[in-house]
Every structure is written in structure tokens, then in C-alpha cells.
Amino acid sequence: MNKYLLYIGILWCSLSACWPESFSFVDKGGMPEEWKTFSIQNLENTAPNCPLSFGALLTEQLKDGVQNNTRLLLNTSFGKGEINMEGAITAYQVQPLAIQGADEASSNRLTMTLQMKININAPKEEVWQFSTTRFADFSASTNLADVEKKLFDEIAAQMVQDLINKLYSNW
């Protein structure tokens, strides 16, 4: 009998040492409580061959993504939020992949790079540099103009997620 009490006592001590002090089903995220609003300046388009409208389209997708996936609210006056972002699409290129016989590619890859500067005003002033490069593949028999908007949307969705991850965790 004493042997069982000893085992139960050791088990109880072991489990109680590992038990969390508190737990909750509310995700508070990794963002400081001081962050309430953000602003984003229209992205420049400095990449050769990138359609001119893609800078504005990506800006809108970043705004929507941050508003819909974080607690931050958009401040339409640039520089007036706790987080202020600006940047540019710096690379936009198509490269052949999977070279087959007769030196022809069976697929192509559209690659886009976004570089941003994130100015943090609260709780302390900081400047973060953020860069992300994403790609989408398409068939070499397909005309880029026919699938370019769809590919851009795929790449933009990944870039939005990269920005949200940066804001939550400062990766």
C-alpha cells in the first residue's frame, strides 16, 4: 500500500511541476498592445516588365490582408499610425523551368520581389526592413498575358501572409 502512495505522490509532483499557470483560448498574438492602427503608402513599381497597375493592386491586397487578419485598423493618413509601411516591387521576371529536348521549357516561373520599410512608432521607435520573394509556375504553352493576373493574385496572397507573419513575430 505504501508503495502505491509513493508512486502516486511522485506522479502528482511531476505533473504539478509541468502544469501551466494559466491557459486561454484567446489568441493575443505577438503584436504589442500599443499597436492600434497602420498606414501604407502606395507601393512603387521599380521592376522592369512589371505591369504598372500591380503596385496599386498589391497595396490594396496588403491593406485588406492586414485589416482582415489582424486587429489593426487602417489609418488613411500616411505616417499617422503606430505602424507605417512603404516599399516597392523591385523584381518581376519570367524564367524557363524543366528544359526538355530541343532546348524547350515545359513550364515557366513568374517571380516577384517586394521590399518594404516598416516604421514602428509605439511602444518604441524602430525601423524594420522586410523583403519577400515569391513565385508561381505556369505552362510554357500558355501565354503569360492570359494567366498573369491569376499568377499575380497567387503571389500577392503569399506576400500578404509574409507581411502578417512579420508583424506578428518580427521574423
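User: Where in the chain is Pro123 found?

Analyst: Pro123 sits in the loop between strand 5 and strand 6. The model is predicted, so local features need pLDDT of at least 70 and side-chain atom pairs count only at pLDDT 80 or more, while totals for chains, interfaces and linings use all residues. Residues are numbered from 1 along each chain as its sequence is written, and side-chain values use heavy atoms, with hydrogens and water left out.

User: What kind of peptide bond joins Ala122 and Pro123?

Analyst: In general, most peptide bonds are trans, and most residues other than glycine have a negative phi. Ala122 and Pro123 are joined by a cis peptide bond, with omega about 0 degrees. A positive phi, about 70 degrees, is found at Asn49, which is not a glycine. Asn49 is placed in the loop between strand 2 (44-45) and helix 2.

User: Is Asn49 buried or exposed?

Analyst: A residue is buried under 20% relative accessible area, exposed over 50%, and partly exposed in between (1.4 Å probe, protein chains only). With a relative accessible area of 71%, Asn49 is exposed. Of the 171 residues in the chain, 34% are buried.

User: How do strand 5 and strand 6 pair?

Analyst: Two strands pair if DSSP finds at least two bridges between them. Strand 5 and strand 6 pair in the antiparallel sense over 14 bridges. The two form a hairpin, with five residues between them. Within the pairing, Asn119 stands opposite Val127 in strand 6.

User: What pattern does the chain follow along the sequence?

Analyst: The order is α-β-β-α-β-β-β-β-α. That gives three helices and six strands.

User: What does Asn84 touch?

Analyst: A contact means heavy atoms within 4.5 Å. Leaving out residues up to four places away in sequence, Asn84 touches Ser39, Phe78, Gly79, Lys117, Ile118, Asn119 and Asn121. Asn84 belongs to strand 4 (residues 83-99) and is buried, at a relative accessible area of 3%.

User: Which side chain does Asn84 meet in a polar contact of 2.4 Å?

Analyst: A polar contact is a pair of N or O atoms within 3.5 Å; within protein, one must be able to donate a hydrogen and the other to accept it, and residues adjacent in sequence count only if both atoms are side-chain atoms. The partner at 2.4 Å is the side chain of Ser39. The Asn84 side chain also reaches the backbone nitrogen of Gly79, at 3.3 Å.

User: Which residues of the largest nonpolar core touch the most other members?

Analyst: In soluble globular proteins, nonpolar side chains tend to be buried together. A nonpolar core is a set of buried Ala, Val, Leu, Ile, Met, Phe, Trp, Tyr and Cys residues joined through side-chain atoms within 4.5 Å. The largest one has 36 residues, and Leu58, Leu62, Ile83, Met116, Leu163 and Leu167 touch the most other members. Strand 1 (37-40), helix 2 (54-69), strand 4, strand 5 (105-120), strand 6 (126-139) and helix 3 (144-169) each supply at least two residues of this core. Helix 3 gives the largest share, ten residues. Among the residues that Leu62 touches are Ile40, Met116 and Leu163.

User: How many aromatic pairs are there?

Analyst: A pair of aromatic rings is described by the distance of the centres and the angle of the planes. Rings of Phe, Tyr and Trp (its six-membered ring) pair if their centres lie within 6.5 Å; planes under 30 degrees apart count as stacked, over 60 as edge-to-face and the rest as tilted. The count comes to three aromatic pairs. Phe54 and Tyr92 form an edge-to-face pair, 6.0 Å centre to centre with 65 degrees between the planes. This pair links distant parts of the chain, Phe54 in helix 2 and Tyr92 in strand 4, 38 residues apart. Phe54 is buried at 5% relative accessibility, and Tyr92 is buried at 7%. Together with Phe152, Phe54 and Tyr92 form one aromatic cluster.

Definitions and conventions: Helix = DSSP H or I, 4+ residues; strand = E, 2+ residues; numbered from the N terminus.
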